[in-house]
Amino acid sequence: MAKKILVVDDEEGIRLLYREELEDEGYKIIDASSGEDCLKCLEEELPDLVLLDIKMPGMDGVEVLRRIKEQWEELPVILCSAYPHYKQEFGTWASDAYVIKSSDLHDLKEKIKDILKKSSK
Amino acid sequence: MGYEVLTDIIDITDKATSLKVKTGKVSKAILRAFPYDSSAIYKWDGTKKSFDLLSIQNKRTAQGNTAIKKYFYKEGLPGVMKERGHAVEAHTKRADSIRVLNVADKGVKGFRSAILFPLKEGKTLYGALYLRAKQRSKASSTNKRILNTISRQLAATIKAELTLKKLKSSHTEHLRLKRGLKRAEKMIALGELSATLAHEIKNPLVNISGFAKRLKKRTEQTSANHRYIDQIINEVGSLEELICGIVSYSEDKALKLKPVRLKELLDNVLEIFYEPLRVADIEVVRRYTNNDVTIYADPERLKIAFDNLISNAIQSMDKLPKEEDRLLCIETSSRANRALINVSDTGCGISPALQQSIFDPFFTTKELGTGLGLPITHNIIKKHGGKIEVYSNTYEGVTFKIKLPCKSNKVEQTTSD
Ligand SMILES: Nc1ncnc2c1ncn2[C@@H]1O[C@H](COP(=O)(O)OP(=O)(O)OP(=O)(O)O)[C@@H](O)[C@H]1O
Ligand SMILES: [Mg+2]
């Protein structure tokens with residue numbers, strides 16, 4: 001069965017891009033446009049992985065990450081950001097991977113593959 | 001008699017001209033008042049250990065006679081004078097001789113008498129006054145006394161010149177340092193800016209480039225569109241690289257926290273604006289209720305935060321009609337581990353509708369504004385665990401209220417590299 005990925009980003013263009021690219025890879029995509037929205041989605045159905053933008057208005061990605069890990073400890077989360085420096089601050093703990101936003105989605109796809117392989121073992 | 005020359009000399013040395021001109025005029029005055037044909041004035045260079053000619057004046061009778069440009073330590077009559085530490089007088093029998101007082105001095109060639117006075121103040125030597133006469137003549141004790149006085153005046157003049165030079169160079173150094181500081185501040189501001197910019201610019205770029213790549217996948221390789229899309233992808237790609245470069249260059253560094261005395265920091269920032277405030281005719285009111293509020297903060301970053309607020313205030317008040325009062329008020333106080341800073345102006349104010357937008361990046365009402373000043377300030381304050389809010393005040397201007405935690409543990413501690 002296709003793995004499910006929840007894409008959380010406040011920007012519609014980015015959500016669409018991720019959706020299309022990842023659907024091409026054979027994943028099923030659901031999306032959320034804010035931290036609050038993301039938590040609501042998780043209550044309804046649990047995906048196999050969350051792709052989470054850090055900088056969002058309202059509840060930011062780091063806060064969302066904290067709440068996810070409180071409630072669904074096992075759920076893998078990949079943090080995304082335009083800023084490389086967050087990596088040292090949050091990337092190493094809590095989240096399973098950290099990617100810097102880029103139009104080259106190769107890195108991201110590799111990380112997704114890795115993580116899903118590990119978690120399905 | 002003869003003392004009138006002193007008034008002349010004081011007059012000359014008081015005027016603000018170069019040392020060369022001054023000493024030349026002093027020599028002229030000396031030649032008018034005393035029976036000498038040539039007067040040369042030397043400056044003592046303590047590091048090179050030499051007497052260097054500042055200026056020379058000749059009477060018509062001594063025309064064509066020059067003076068030696070430089071006497072090294074222990075050379076000629078200046079050397080003898082330095083050794084003895086007081087004035088020396090020498091005479092030769094023949095005008096073409098160069099031997100006097102057991103030394104050789106080409107300077108006496110063509111003269112029969114020479115007298116040298118050290119230019120001294122206290123124990124410090126500043127130079128020499130070197131007078132020569134065609135005729136054999138012995139200076140009277142009165143003349144010696146007057147010439148001694150003149151020498152002291154000359155010493156003071158040279159000393160003043162040296163002090164002035166030192167002052168000037170230290171002033172230049174000061175300005176250089178200040179400029180350097182300003183540059184350092186700009187670099188930090190650039191760091192803040194790029195963090196803000198990265199997100200604003202990078203997201204759309206990722207979008208454009210991402211979809212262009214998708215479009216490419218769906219386009220026939222032979223079609224001309226394929227080439228156009230490649231063009232888009234390449235160009236956007238280099239923009240993306242550029243942004244990444246800027247960001248990693250001035251990466252948003254962790255705060256460098258240390259105890260900061262708020263009053264000192266604010267005074268420092270105000271000092272930077274001394275000139276613009278004066279030009280805009282703005283009165284600054286400082287109300288530091290608690291004189292030594294100390295907070296843990298990154299002073300360089302905080303300076304930029306206040307820098308932006310104050311330049312906005314000045315720009316806002318600069319638009320006021322001339323007759324209206326212009327006040328910039330900086331208040332500090334502290335309450336329960338919080339430092340409060342209010343920055344108020346009597347400028348043109350911000351309408352309540354706009355107050356919501358002023359912290360957004362690129363929001364500006366100024367022709368040449370970037371709209372990044374307040375977002376940067378907001379960022380910096382937030383990073384310190386603080387808060388900034390804007391209010392309209394009773395003077396039709398605005399007040400920015402800033403709260404900052406006093407203690408380090410309230411501050412977001414970022415891992416430093
Ligand atoms: N003290 C103030 N009085 C009136 N309006 C202000 C004041 N401070 C800010 N503003 C308003 O907020 C806007 C945004 O300010 P901000 O400092 O972010 O950018 P800017 O001043 O326009 O541009 P820059 O800082 O690059 O010169 C300004 O254009 C101005 O309209
Ligand atoms: Mg501004």
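Which residues is B:Leu302 in contact with, leaving aside its neighbours within four places in sequence? In this predicted model, the contacts of B:Leu302 are B:Leu265, B:Ile295, B:Ala297, B:Ile380, B:Ile381, B:His384 and B:Leu404. B:Leu302 also belongs to the largest nonpolar core, which has 44 residues.

**Nonpolar cores**

- Within the largest nonpolar core, the residues that touch the most other members are B:Ile295, B:Leu302, B:Phe306, B:Leu328 and B:Phe400.
- Several elements of chain B each supply at least two residues of this core, among them the helices 6 (262–272), 8 (299–318) and 10 (373–383).

**Ligand 1**

- There are 20 residues around ligand 1, and those that come nearest are B:Asp345, B:Thr364, B:Thr365, B:Lys366 and B:Thr370.
- The shell around ligand 1 is made up of nine nonpolar, nine polar and two charged residues.
- At least two residues of this shell come from each of helix 8, helix 10 and strand 15 of chain B.
- The side chain of B:Asp345 has an N or O atom 2.8 Å from a nitrogen atom of ligand 1.
- The side chain of B:Asn312 has an N or O atom 2.8 Å from an oxygen atom of ligand 1.
- At B:Gly373, a polar backbone atom is 3.4 Å from an oxygen atom of ligand 1.
- On its own, ligand 1 has 600 Å² of accessible area, and the protein covers 89% of that area.

- Helix 3 of chain B spans residues 76–84, and its buried residues are B:Gly76, B:Leu77, B:Pro78, B:Gly79, B:Val80 and B:Met81.
- In helix 10 of chain B, the buried residues are B:Leu374, B:Pro375, B:Ile376, B:Thr377, B:Ile380, B:Ile381 and B:Lys383. B:Ile380 and B:Ile381 are also among the contacts of B:Leu302.
- B:Gly385 follows helix 10 of chain B and has a positive phi, near 80°.

- Most residues other than glycine have a negative phi. Two residues of chain B are described here with a positive value.
- B:Asn102, which is not a glycine, has a positive phi near 65°. B:Asn102 sits in the loop between strand 5 (99–100) and strand 6 (103–104) of chain B. The relative accessible area of B:Asn102 is 73%, so B:Asn102 is exposed.
- B:Glu396, also not a glycine, has a positive phi of about 70°. B:Glu396 is placed in the loop between strand 14 and strand 15 of chain B. B:Glu396 counts as exposed because its relative accessible area is 61%, which is over the 50% cut-off.

- B:Ile10 is part of helix 1 (residues 4–14) of chain B. With a relative accessible area of 41%, B:Ile10 is partly exposed.
- B:Ile10 and B:Leu154 are 144 residues apart along the chain, and their C-alpha atoms are separated by 9.3 Å.
- B:Thr157 lies in helix 4 (residues 141–217) of chain B. B:Thr157 counts as buried because its relative accessibility is 8%, which is under the 20% cut-off.
- Not counting residues up to four places away in sequence, B:Thr157 touches B:Thr13, B:Leu19 and B:Lys22.

**Chain A**

- Chain A contains five helices and five strands, and from the N terminus on its elements run β-α-β-α-β-α-β-α-β-α.
- Of the 121 residues in chain A, 54% are buried.
- Considering contacts in chain A between residues at least 6 apart in sequence, 60% join residues at least 24 apart.
- Chain A exposes about 5,800 Å², and carbon and sulfur atoms supply 46% of this area.

Note on methods
Residues numbered from 1 in each chain as written. Chains lettered and ligands numbered in written order. Heavy atoms only, no water. Helix = DSSP H or I, 4+ residues; strand = E, 2+ residues; numbered from the N terminus. Buried < 20%, exposed > 50% of the residue type's maximum accessible area, 1.4 Å probe, protein only. Core = buried A, V, L, I, M, F, W, Y, C linked by side-chain atoms within 4.5 Å. Contact = heavy atoms within 4.5 Å. Near = heavy atom within 4 Å. Polar contact = N/O pair within 3.5 Å; in protein donor to acceptor, adjacent residues only side chain to side chain. Areas by Shrake-Rupley, 256 points an atom, 1.4 Å probe, with all protein chains shown as cover. Nonpolar A, V, L, I, M, F, W, Y, C, P; charged D, E, K, R; others polar.
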